[in-house]
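Subject: Structure for you to look at, with notes

Dear colleague,

Here is the structure I promised to pass on, and below it I have set out what was found. Please read the notes with the model open beside you.

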Amino acid sequence: MEIAVVALVVSVASCLQGAIGFGLGLLAAPVIALFDPTLLPGSLILVALGLTVLGVLRDRAAVDVKDASWAVAGQVPGTVAGALLVAALPARTLALVLAGTVLLAVLLSVCGWQPRPRPATVAAAGAASGLLGTATSIGGPPMALVWHGSSRARMRGTMSAFFLFGTLLSLTALTVVGSLDSRTVHFAAVLLPAMVVGFAASGAVNTRINRRIVRRVGLGASTLGALLVLAQAL
């Protein structure tokens, strides 16, 4: 039953990311942390790898290569720092970091803070995304803030390309520090069908549902999940 609930959340979160460009980690990570925090961040990053491949294939014509390159330049050192955090911190501390990251991202989004997408700003967002994505599997909010003004297709495509490189980099770094095991890989494999179903559903969401409504639902669910993780960790 617990795995079924996690799979349902991953499916909904994959639909959210397919619709607005991010959201898998923001929505699904708190639920997996309640189930078993030791499965994070590796299992969700593995699921994200498949999701970003699908996203790039669908929105490849809208990818902004220049912006993605600046983001990747910052992502590399951020990813290394994130992997070192995973290796050094216990599961309870990572759960607290995860909950705090989600709540901060929701707060910034609600307040409407939006930095201008200059090269230096995009690179800094890439570094923050690499660190948070590797440490907690939630790397979307920094990039969503800096690319918020882009068209829907451009934002989805560029973020998918950025996250594709980032997930590969994060998995490499986690493997080097010994934070990936067969149990994590198996759990990710169990969740892959749910991810594919969610991504397929995002096509209908893109054409039929207002992006603002989807975003509000995602932020609300993310907040609830983060508060539950915070309560459990404390």
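This is a predicted model: local features need pLDDT of at least 70, side-chain atom pairs count only at pLDDT 80 or more; totals for chains, interfaces and linings use all residues.

Residues are numbered from 1 along each chain as its sequence is written, and side-chain values use heavy atoms, with hydrogens and water left out.

Isoleucine 20 lies in helix α1 (residues 2-20) and counts as buried at 6% relative accessibility; here buried means under 20% relative accessible area, exposed over 50%, and partly exposed in between, with a 1.4 Å probe and protein chains only. From isoleucine 20 to arginine 212 there are 192 residues in sequence, yet 9.4 Å in space, C-alpha to C-alpha. Serine 14, also found in helix α1, is buried with a relative accessible area of 0%. Threonine 207, in helix α9 (residues 182-208), is by contrast exposed, with a relative accessible area of 66%, and its C-alpha atom is separated by 9.2 Å from that of alanine 19, 188 residues apart along the chain.

In the loop between α1 and α2 sits phenylalanine 22, which counts as buried at 13% relative accessibility. Helix α2 has twelve residues and reaches 16 Å from its first C-alpha to its last, close to the 16 Å expected at 1.5 Å a residue, the expected span being 1.5 Å times one less than the number of residues. Because ten of the twelve residues of α2 are buried, this helix is largely enclosed by the rest of the structure; the buried residues include Leu24, Pro30 and Ala33.

The loop between α2 (24-35) and α3 (42-59) holds proline 41, and the peptide bond to proline 41 from leucine 40 is cis, with omega near 0°. As background, most peptide bonds are trans.

Helix α5 (residues 91-111) has 21 residues and reaches 30 Å from its first C-alpha to its last, close to the 30 Å expected at 1.5 Å a residue. Its buried residues are Leu94, Ala95, Leu98, Ala99, Thr101, Val102, Ala105, Val106 and Ser109. Seen down the axis of α5, these fall within an arc of 155°, so they line one face of the helix, the arc being that of the directions from the helix axis to the C-beta atoms. Just after α5, glycine 112 takes a positive phi of about 80°.

Finally, the cavities. The structure holds four of 30 Å³ or more, a cavity being, on a 1 Å grid over the protein atoms alone, a set of points where a 1.4 Å probe fits but cannot get out, with lining residues having an atom within 4 Å of a point. Grid points are joined across faces, edges and corners, and a volume is the space filled by probe spheres set on the points.

The largest cavity has a volume of about 260 Å³. Of the 25 residues that line it, the closest to its centre are Ala48, Ser137, Gly139, Phe163 and Thr167, and α8 gives the most to the lining, with five residues. The lining divides into ten nonpolar, 15 polar and no charged residues, where Ala, Val, Leu, Ile, Met, Phe, Trp, Tyr, Cys and Pro count as nonpolar, Asp, Glu, Lys and Arg as charged, and the others, Gly among them, as polar.

About 80 Å³ of space lies in the second largest cavity, whose lining residues include Leu40, Pro41, Leu94, Ala95 and Leu98. The largest share of this lining, four residues, comes from α5, and the residues divide into nine nonpolar, one polar and no charged.

With best wishes

Terms used. Helices (H or I, at least four residues) and strands (E, at least two) are DSSP runs, numbered from the N terminus. On a 1 Å grid over the protein atoms alone, a cavity is a set of points where a 1.4 Å probe fits but cannot get out, and a pocket is an open set with protein on both sides within 12 Å along at least five of seven lines; lining residues have an atom within 4 Å of a point.
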